[in-house]
Amino acid sequence: MIRTERLLLRPARNDDLEDLHAIFSDPRAMRYWDRPAYEDIETTRAFLRWFMTPDQERREEYIIELDERAIGKAGMWAKPEVGFILHPDVWGQGYAFEAMNAVIPRAFAAHPKLPALTAEIDPRNRASEALLTKLGFERTGFAEKNFLYGREEWCDTSYYALERPKR
């Protein structure tokens, strides 16, 4: 677990299901995710089971908890790639920055041979682009129409990296 000024970053639990479903079923939250909003809670339940299955070599993710409510998730979801998602009700309040600012040093400490962390975003997602830049990530590449969102929309991808801090 990681405590920040306002948040608790902790492992997922079964009782996170409804809070996570409120995020993953919201089209605003999922607009720039890897798939459209979940249509049923069983899809979220399957995701939660996967999320709760340990895989310390490949991922280290956390539920972002605020006032005893899961408001999102953040962490290294596929070594070395990091990511985050929050419920739209809490956007713009600095929670993603606060969570990622705690996750990044932890990821580098847990994986001492990792030269950099990476992130991928839809370049239309200006908020995530600004957050990654604020965290010190630099854009390293761009691919046009390389990602099929849903069944009909081809999207672009911007690639980012954050080098391991020098000691």
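Leu17, Leu20, His21 and Phe24 in helix H1 meet Ile41, Thr44, Arg45, Phe47 and Leu48 in helix H3, where a contact is defined by heavy atoms within 4.5 Å. By class, this contact of H1 with H3 comprises six nonpolar, two polar and one charged residues; Ala, Val, Leu, Ile, Met, Phe, Trp, Tyr, Cys and Pro count as nonpolar, Asp, Glu, Lys and Arg as charged, and the others, Gly among them, as polar. The model is a predicted one, in which local features need pLDDT of at least 70 and side-chain atom pairs count only at pLDDT 80 or more, whereas totals for chains, interfaces and linings use all residues. Residues are numbered from 1 along each chain as its sequence is written, and side-chain values use heavy atoms, with hydrogens and water left out.

Two packed helices are described by the angle between their axes and the distance between the axes. For H1 (residues 17-24) and H3 (residues 41-52), the axes come within 9 Å and cross at roughly 115 degrees, which makes H1 roughly perpendicular to H3. The axes are lines fitted to C-alpha atoms, for helices over the stretch in contact, with angles running from 0 to 180 degrees between N-to-C directions; angles under 35 degrees count as roughly parallel, over 145 as roughly antiparallel, 65 to 115 as roughly perpendicular and the rest as oblique. The crossing of H1 and H3 is right-handed, the near helix being turned clockwise from the far one by less than a right angle.

Over the whole protein there are five helices and eight strands, taken as DSSP runs numbered from the N terminus (helices H or I, at least four residues; strands E, at least two), and along the sequence they follow the pattern β-β-α-α-α-β-β-β-α-β-α-β-β. The radius of gyration of the protein is 15 Å, which agrees with the value near 15 Å for a compact globule of 167 residues; the radius is taken over C-alpha atoms, and the globule rule is 2.2 Å times the number of residues to the power 0.38. Along the principal axes, the C-alpha atoms fill a box of roughly 45 × 40 × 30 Å. Of the 167 residues, 47% count as buried, where buried means under 20% relative accessible area, exposed over 50%, and partly exposed in between (1.4 Å probe, protein chains only). Among contacts with a separation of 6 or more, 57% involve residues 24 or more positions apart.

Ser158, found in strand E8 (residues 153-163), is buried, with a relative accessible area of 0%. Leaving aside neighbours within four places in sequence, Ser158 is in contact with Ala119, Glu120, Ile121, Pro123, Arg139, Gly141 and Phe142; the C-alpha atoms of Ser158 and Ala119, 39 residues apart along the chain, are separated by 8.4 Å. Arg167, by contrast, lies in the segment after E8 and is exposed, with a relative accessible area of 96%.

Most residues other than glycine have a negative phi, and most peptide bonds are trans. Asp67, in the loop between strand E3 (60-66) and E4, has a positive phi of about 50 degrees although it is not a glycine, and at 70% relative accessibility this residue counts as exposed. Lys145, in strand E7 (residues 138-149), likewise has a positive phi, near 45 degrees. The peptide bond from Lys79 to Pro80 is cis, with omega near 5 degrees, and Pro80 is found in the loop between strand E4 (69-78) and strand E5 (81-86).
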